[in-house]
Amino acid sequence: MNILNLFVLIPLVMLFALWLCRNIKQIRTVMVAGSTLLLALSVYLTIDFIALRSAGVTAPQLYCNSWSWFPSLNICYSIGVDGISVAMLLLSSIIVFTGTFASWNIKPQTKEFFLWYVLLSLGVYGFFITTDMFAMFMFYETALIPMYLLIGVWGSGKKEYSAMKLTLMLMGGSAFLLMGILGIYYGSGATTMNIHEIAQLNNIPTDIQYIFFPLTFIGFGVLGALFPFHTWSPDGHASAPTSVSMLHAGVLMKLGGYGCFRIAMYLLPQAANDLAWIFIILTTISVVYGALSAISQTDLKYINAYSSVSHCGLVLFAILMMTQTSCTGAILQMLSHGLMTALFFALIGMIYGRTHTRDIRQMQGLMKIMPFLAVGYVIAGLANLGLPGFSGFIAEMTIFVGAFMVDDTFHRAVTIIACTSIVITAVYILRVVGKILYGEPTNEEHKKLSDATWDERFTVICLVICVAGLGIAPMWVSDLINSGVGDIITNLRP
Amino acid sequence: MEFSIFILAIPILSFLILGLCGMKMPHKAAGLLGTTAIATVAILSYIAAAIYFGAGRNDEGLFPTLIPYALQWLPLGNTLSIEMGIMLDPISIMMLIVITTVSLMVHIYSLGYMKGERGFQRYYAFLSLFTFSMLGLVVATNIFQMYVFWELVGVSSYLLIGFYYTKPAAIAASKKAFIVTRFADLFFLIGILIYGYYTETFSFTPTELLLSSAATVLPTALGLMFIGGAGKSAMFPLHIWLPDAMEGPTPVSALIHAATMVVAGVYLVARMFPLFIAYAPEVLHMIAYVGAFTALYAAIVACVQTDIKRVLAFSTISQIAFMMVALGVSLSDDPHKGGLGYMASMFHLFTHAMFKGLLFLGAGAIIHAVHSNEKSHMGGLRKYMPVTHITFLIACLAIAGIPPFAGFFSKDEILAACYNYSPAMGIFMSFVAALTAFYMFRLYYLIFWGKSHYEEELALYTAGKTTHEPHKPHEAPATMTTPLIILAIITCVAGFIPFGKFISSNGHAYDIHIDAAVATTSILLAVAGIVIATIMYAKGDSKITQAINSSMKNIINAAYHRFYMDELWLFVTKKIIFNCISRPIAWFDRHIIDGAMDMLAIVTQKLGNYVRPMQSGNVQSYSVWFLGGALIIILTLIYFA
């Protein structure tokens, strides 16, 4: 029994159990038990993986297994993880776990909500454990579809519009992606869809690479909020319910960065080297443009969505720099951004649940009314603007140092431009903190509000501990992801 | 020196305890916990200093650099990594003493000053966090560790300036302080990136081989790092945050915005001094000019401010600029051959921390007594607050450069270094020193002499002209006066410390000697400044003062508004960045980019509507389509056949 299968089996069992549930108590029991189990599993996997690596196991993929699925098309259900996937699995489990508590009181149709929620997480887990392009694509789609319903039914504001927009744009990306995957498969002439076997062949003709690299990169890039395909993100996040925002920004957007790195760059190295400059320009725009847009937003979720555009832009930016350090930074940034944004969206959801507004002009002095949530918000803000001691700092610094290692004027210039985001981020974060948390409360209605309940406190504390833990002791993560990144980099820079 | 880890561990533990369970503690317990923690750290620092300097010099005549702790914190590729550790050398030991001493004084003082304030425990938590960050900064083993703690110092400063978070001015000031320094840190970061890439290490002392290969880019890297330092140390034009930072509680201003954090930039330059001298002397010249200009600018502005804390803020800017100038005018690393400035700068940093801390704490006592920052609410306070008066006077004499107070000795060394650099620089800085004496005594007279605001109000009240009974100024409680007295004693004796024996630019012992010519000029100029201030302000607004004020109305007005630097910055940030860049980008995103996506959807929908009638379910129309299609195919076939 391969331990990785549990990541798919547990959600399946949870789905079945949820289907049988009769009341909210049972639903909560199933959710807490399942997500705790998944969290424990991924923690165990992380520790075990690091132990194996330090014991000198050098195989690129561990826990590998493969079952033939559609033999006529060479599609297999093959699984295996390297450090990057382990890190992403850990991230996903943390977000799914805390997201469960963040949607503790979701209404109506609690059962259906959690069914879709678990299906979404199933897709995410599946995506990270497979090494087969087709299976990966299938899990990717599995994760996307529930999103439509979760936003469309349980969302707020212009939810139908946002859900439709998000789904259509991501589906458009998938179309590109499917073309890309087929192009890679046929281009390599391989008799397998396994990513690592194709990478070892490394025989896709350059002209084919030139066509399919942009397709694949954009396909995943849409999900990674690549400029100018990011506009689903502000609307989508603004309308989504709290835990869906958390899961979406925290994990689903990472699928984009992960896919770009694992498929587009790894399998099409030649084109990646030659065409990277186009995407470097686009991602640099994402980084600065997202941050600048965030300054003048007035809706808390819009601010955060644009902030995500900026931070996820940095992930793709770092990947395209193609140095060992910058790519390590990209993975760190995925982890860090996932945790930070989840924390941010959780807090915004909690504040919105009380004040019933997300307009920063209508809130003031929340620090006096709900000190716990306000302090949490300040911590999330400081983490987001890259304060040392939180995960954002180490991720950004690794990226900048790594990007600076590419020794030519173009790369240097874009790196310096991307660096300016640290100042712009400070501006929009402190602006919001100053506006809504500080000052005297003016709204009479707000003065009656209460501070966080136990489930909310638990969510916030868990995420703060993760963000701070990664920020204070980052050494172990690089042990985890170094070899995984190294393999891909070797392919890119022979 | 293994115990040095506790110098960092105790403040951070104190922060965590106070931050996590402070709310459940009574005020007194929280205050005592914070104060005890810092007292322990101070004692440890003194012990460390005693052991370090007591161990004596090594065979080369230098104090050895000790690194009791260094662990790899974040590996960055094959060659680079960020280390966290503790490095003890003469200047870091000196900084440990300065920080812990002033911090301890401030902790004790705050027990009285902040008594009964809402958020008392939070205040002590932040003070502990600040002390931790500042200590971490000075013991950094490499430039990146310094940057890490540099940012932490910035955020503690942000939290403390915004301590009164319901006060709009405090919120704005904290935001401004953070963003301005962050802007400067951007350059610092780029400097570090360049430095790290070309020297292949973040260490302060790369090998000669690596340095020589990086020689061409080192001036750029060091120049960028200096901009970061200029932001923290409030050099023109990045000084704009410091006067506003006075919105924080006064003891915080004493600790952070006078004695410790603002000298971080000076410390940074001093830390990198060997590289500056060897590879970037032109950057040092630039630092000297920037410093000299800032010193003059801040001194002029300080002459006309009416808020006593702002006078002190500008005086701080000016004095830090003196330290920068002293570093900038160094011509070699040998103190006998033009490298005197390094020692002078560190000496001034040390003495300035003591007397400026004293001035701010004194100002705090005054504000505590009269409940206002404005000079118009003061006057004649010497009768009511004798201890504050005497200690404040000592600090004023020290900053003015009157022997035997500490400021005389350190400033004299700076001026000697300036004269050695060029006579013009020397004369210029002497003039600024005279100005310093003038504005400090102006402040002194306005607070302690002249007509008493309280007595005037009392006369009005007894005459029945107001119903508001004035509040009688009173001397501060013992928790506040004790730190004042201790700092005053240090200010009296610190000048006699043989500073050159411990710290000099090349590490070898150096005997401080007073240059008679320089000393005489500087004393005469300081006395002149004091005399002018006495004539103008000792008896309230004299006729001469009014005459001068009206004849220089425009200049005074401009200086009062700090030569409109804040308005200029506000224009750039608010008008240009917010209104001309951010807003249009947000609009562009919502309407053009997103509009294009929506347009795509709309076009698809329209096209769908357009072709939908074809699938109407109506058999007649299907047959028309079928026949028409068949006809076209047949015609095409016939045509091509």
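A residue counts here as buried if 20 or more other C-beta atoms lie within 10 Å of its own, the C-beta atoms being placed from the backbone. By that criterion, 54% of the 641 residues of chain B are buried, and in chain A buried residues make up 63% of the 494 residues. These values, like the others that follow, come from a predicted model.

Consider the overall form of each chain before turning to its parts. Chain A contains 21 helices and two strands, and its C-alpha trace extends over about 70 × 60 × 45 Å along the principal axes. The radius of gyration of chain A is 21 Å, which agrees with the value near 23 Å that a compact globule of 494 residues would have. Among the contacts in chain A with a separation of 6 or more, 80% are made by residues 24 or more positions apart. Chain B, for its part, has 25 helices and two strands, and its C-alpha trace spans about 115 × 80 × 55 Å along its principal axes.

Within chain B, a helix pair can be followed residue by residue. The axes of helix 15 (residues 340–370) and helix 16 (residues 386–400) of chain B come within 9 Å and cross at roughly 145 degrees, and the crossing is left-handed. Helix 15 of chain B brings Phe355(B), Leu358(B), Leu359(B), Gly362(B), Ala365(B) and Ile366(B) to this contact, where they meet Thr388(B), Thr391(B), Phe392(B), Ala395(B), Ala398(B) and Ile399(B) of helix 16 of chain B. The residues of this contact divide into nine nonpolar, three polar and no charged.

Strand 1 (residues 62–70) and strand 2 (residues 75–81) of chain A run antiparallel and are joined by six bridges, with Trp67(A) standing opposite Tyr77(A) of strand 2. Four residues lie between the strands of this hairpin, in which Asn74(A) takes a positive phi near 60 degrees.

That angle leads to the backbone exceptions in the model, for which the background is that most residues other than glycine have a negative phi, and most peptide bonds are trans. His356(A), although not a glycine, has a positive phi of about 60 degrees, and is found in the loop between helix 13 (324–355) and helix 14 (366–369) of chain A. His356(A) is classed as exposed because 12 other C-beta atoms lie within 10 Å, the cut-off for that class being 12 or fewer. Ala234(B) likewise has a positive phi, near 55 degrees, but Ala234(B) is buried, with 30 other C-beta atoms within 10 Å. Ala234(B) belongs to the loop between helix 8 and helix 9 of chain B, and Pro237(B) lies in the loop between helix 8 (218–232) and helix 9 (241–244) of chain B. A cis peptide bond, with omega about 0 degrees, joins Phe236(B) to Pro237(B). Chain A has a cis peptide bond between Phe227(A) and Pro228(A), again with omega about 0 degrees, and Pro228(A) is found in the loop between helix 8 (206–223) and helix 9 (232–239) of chain A.

Two exposed sites complete the tour. Ser450(A), in the loop between helix 19 (444–447) and helix 20 (454–472) of chain A, counts as exposed because it has 8 C-beta neighbours inside 10 Å, while its C-alpha atom is separated by 6.9 Å from that of Ile369(A), 81 residues away along the chain. In chain B, the number of buried residues among the eight of helix 23 (residues 553–560) is zero, so this helix lies largely in the open, and just after helix 23 Arg562(B) takes a positive phi of about 55 degrees.

Note on methods:
Residues are numbered from 1 along each chain as its sequence is written. Chains are lettered from A and ligands numbered from 1 in the order in which they are written. This is a predicted model: local features need pLDDT of at least 70, side-chain atom pairs count only at pLDDT 80 or more; totals for chains, interfaces and linings use all residues. Axes are lines fitted to C-alpha atoms, for helices over the stretch in contact, and angles run from 0 to 180 degrees between N-to-C directions. A crossing is left-handed if the near helix is turned anticlockwise from the far one by less than a right angle, and right-handed if clockwise. Two residues are in contact if their C-beta atoms, placed from the backbone, lie within 7 Å. Ala, Val, Leu, Ile, Met, Phe, Trp, Tyr, Cys and Pro count as nonpolar, Asp, Glu, Lys and Arg as charged, and the others, Gly among them, as polar. The radius of gyration is taken over C-alpha atoms; the globule rule is 2.2 Å times the number of residues to the power 0.38. Two strands pair if DSSP finds at least two bridges between them.
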